[in-house]
Amino acid sequence: MSWAVFVGRRLALAAASLAVLSGVVFAATAVLPGDAVSAVAGVNASAEDRARVRASLGLDRPVVERYAAWASHALRGDLGTGFVGNRPVAQVLADRLPNSVILAGLTLVVAAPAAVLLGLWSGLRAGGAADRLVTTSAQVAAGVPEFVSAALLITVLSVRLGLLPRVSLVPLGGGPFDAPRTLVLPVLTLTGVVTATATRLIRASVADVVASPYVEAARLNGVRGPRLALRHVLPNAAGPAVQALMLAAGALVGGAVVVETVFDYPGIGRELEQAVAARDIPMVQGIAMASAAMMLLILLLGDVCGRSLDPMRGERR
Amino acid sequence: MTANLEARVRPGGPRARPGRRPPLLAAAGTLVVVAIALAGPLIAPYGPAERLGLPFQGPGGRHPLGTDFLGRDVLSRVLWGGRTLVLTAIGATVVATVVGMAAGVLAGLASRRTGEVVSRLVDMLTVLPALLLILVLAAGFPGSDLAVVAAVALATAPFSVRVLGAATRRIATTGYAEAALARGDGRWAVLLHDVLPNIAGPALADAALRLVAALHLTATAGFLGLGRGAPTANWGRMVSENLSGASLSAAPFLAPTLLLVLLSVCVGLLADRFAGIASGGRR
């Protein structure tokens with residue numbers, strides 16, 4: 001399969017996924033009981049007020065018609081305006097998405113080397129006591145909710161030791177880099193989860209490579225230690241390892257909701273939480289599509305990296 | 001030498017081996033937390049919504065764990081607050097496993113093309129952040145714990161479908177399943193006698209992993225304030241309510257936090273062992 005066909009097929013699949021997901025999210029927000037009227041008109045609004053607000057938001061039209069209108073605008077790059085506060089969705093995305101990407105990027109910078117080292121180290125000892133320790137602790141660490149680890153980190157680093165600020169107060173109009181100390185706790189919290197997830201996936205692919213006849217032959221030829229790990233195992237495990245890291249990173253883009261809420265970090269996740277609570281359909285739709293698109297893009301990148309790093313080019317080993 | 005080499009290069013996850021002790025400590029930890037969660041309301045000294053004193057009083061006297069941000073007894077709220085969490089997580093796991101089992105088995109037994117379509121759909125669903133799903137569903141039915149159960153089940157089920165579909169396909173293409181079909185057994189008979197007994201192990205291991213995820217998501221949903229509303233106690237929500245007073249009194253949010261850590265670590269260890277046994281038994 002040539003590169004053009006490979007990338008083209010993946011892009012088509014990603015576009016189809018995005019289209020299906022937009023329908024699913026729209027249907028879910030539209031069909032479920034309740035709507036944005038309460039958030040816009042206030043809880044105590046009279047029935048007439050509510051009806052007027054509903055009409056002005058276009059909520060009295062059939063769902064299919066609204067979705068068609070949204071989709072045709074979205075295809076032309078217009079994501080509409082949020083019901084609450086009248087902010088253009090694209091503007092909110094432009095403001096908040098970079099902050100979340102910074103958070104995810106910094107997390108990856110810390111988590112990737114750790115996950116690769118741990119995965120390689122335990123994959124080379126597959127079945128041994130050290131491997132069991134690493135895999136089990138990774139499994140356990142991945143199961144602890146983010147807000148729980150955040151609460152523990154806050155207790156130790158911020159309340160007991162007073163080293164770091166408890167909330168990420170980013171100066172108005174500035175980015176998170178204007179207050180770098182506020183980034184430490186959110187990044188640490190996310191690093192734990194990402195490292196744990198990626199370590200398990202990388203270890204599995206390393207263990208597979210280690211069990212292959214190719215590595216066994218190298219071992220029987222007397223290659224061992226770091227040379228075996230770096231020259232023989234790593235190149236073959238690098239592709240799946242990159243894919244594993246990308247998978248973990250993709251989950252970060254949408255999954256940072258909790259961490260952004262805990263630390264009051266001005267990212268896309270917190271915006272999503274507020275939009276969903278207010279039933280602000282255009283905003284939910286825009287943010288959901290943006291995070292799904294990021295996730296699909298990251299997965300695509302992972303596939304491309306995995307393919308170009310794979311010495312076997314997709315052939316069976 | 002060869003045996004040594006083989007032991008070193010053996011792939012796969014951790015498995016059950018003769019020398020390994022059963023995870024008694026993890027089982028005991030799980031039992032303790034689940035017992036606190038389920039029986040807690042029976043032994044709680046106060047109701048979960050009773051305001052008894054000043055906010056954020058330190059531990060001691062009538063309140064062994066102090067009071068929370070509204071002056072309610074933390075110990076009582078901890079004892080009241082686990083039931084919904086545990087029951088929601090278990091309920092969601094059961095639903096997800098049943099859905100995953102049904103869809104996975106059907107997809108695994110269907111023609112290759114149908115199986116492909118199902119796995120593509122499942123892949124699409126997994127792109128959606130689980131929390132988005134939960135937020136949207138819970139916003140539709142505010143204050144409903146059942147909505148949280150459904151949402152958590154919906155978020156975890158695709159992974160079950162994927163795993164159990166693959167397991168079914170593996171069994172369905174083995175010699176004996178094909179032989180049973182060839183000698184004229186009906187599809188249902190093959191399903192009942194050849195497929196189901198063989199995927200019971202993987203299904204159980206998968207359910208254990210789903211339980212870990214369900215606990216994680218349920219606690220997070222509580223933290224975000226989803227499910228039944230404010231005066232009810234909920235370990236996840238207690239953390240978010242009392243985090244602001246962390247410098248005044250740590251007990252109100254540390255107590256639920258530590259219980260959640262204990263629960264997720266112990267259940268995680270058990271699930272890890274389950275998965276090891278299932279994969280060890282299969283190969």
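These legends accompany close-up views of a predicted model.

**View 1. Chain B as a whole.**
Chain B contains eleven helices and zero strands. Read from the N terminus, its elements run α-α-α-α-α-α-α-α-α-α-α. Along the principal axes, the C-alpha atoms of chain B fill a box of roughly 75 × 55 × 30 Å. Chain B has 283 residues, and 51% of them count as buried. Among contacts in chain B between residues at least 6 apart in sequence, 72% join residues at least 24 apart.

**View 2. The contact between chains A and B.**
Here 46 residues of chain A are in contact with 40 residues of chain B. Several helices of chain A each supply at least two residues of the side that touches chain B, among them helix 1 (3-31), helix 8 (181-210), helix 10 (225-255) and helix 13 (281-309). Helix 7 of chain A gives the most to this side, with seven residues. By type, the residues of the side of chain A that touches chain B divide into 27 nonpolar, 13 polar and six charged.

**View 3. The bend in helix 2 of chain B.**
Helix 2 of chain B covers residues 24-43 and bends by about 40 degrees at Ala37(B). A proline, Pro41(B), follows within four residues of the bend. The buried residues of this helix are Ala26(B), Thr30(B), Val33(B), Ala37(B) and Gly40(B). An α-helix has 3.6 residues a turn, so residues three or four places apart point the same way.

Ala172(B) is found in helix 7 of chain B, which covers residues 145-172. Ala172(B) counts as buried because 21 other C-beta atoms lie within 10 Å, and the cut-off is 20 or more. Leaving out residues up to four places away in sequence, Ala172(B) touches Gly108(B), Leu109(B), Ala177(B) and Val195(B). Arg77(B) is 95 residues from Ala172(B) along the chain, and their C-alpha atoms are separated by 50 Å.

**View 4. The largest nonpolar core.**
The largest nonpolar core has 171 residues. Those touching the most other members are Leu245(A), Leu133(B), Ile134(B), Ala138(B), Ala151(B) and Val152(B). Helix 9 of chain B (residues 187-223) gives the most to this core, with 17 residues. Val152(B) touches Thr88(B), Ala92(B), Ile134(B), Ala214(B), Leu217(B) and Thr218(B), again leaving out residues up to four places away in sequence.

Key: Residues numbered from 1 in each chain as written. Chains lettered and ligands numbered in written order. Predicted model: local features only at pLDDT ≥ 70, side-chain atom pairs only at ≥ 80, totals over all residues. Contact = placed C-beta atoms within 7 Å. Nonpolar A, V, L, I, M, F, W, Y, C, P; charged D, E, K, R; others polar. Bend = angle between axes of the 7 residues up to and from the residue. Buried ≥ 20, exposed ≤ 12 C-beta atoms within 10 Å, placed from the backbone. Core = buried A, V, L, I, M, F, W, Y, C linked by C-beta atoms within 7 Å.
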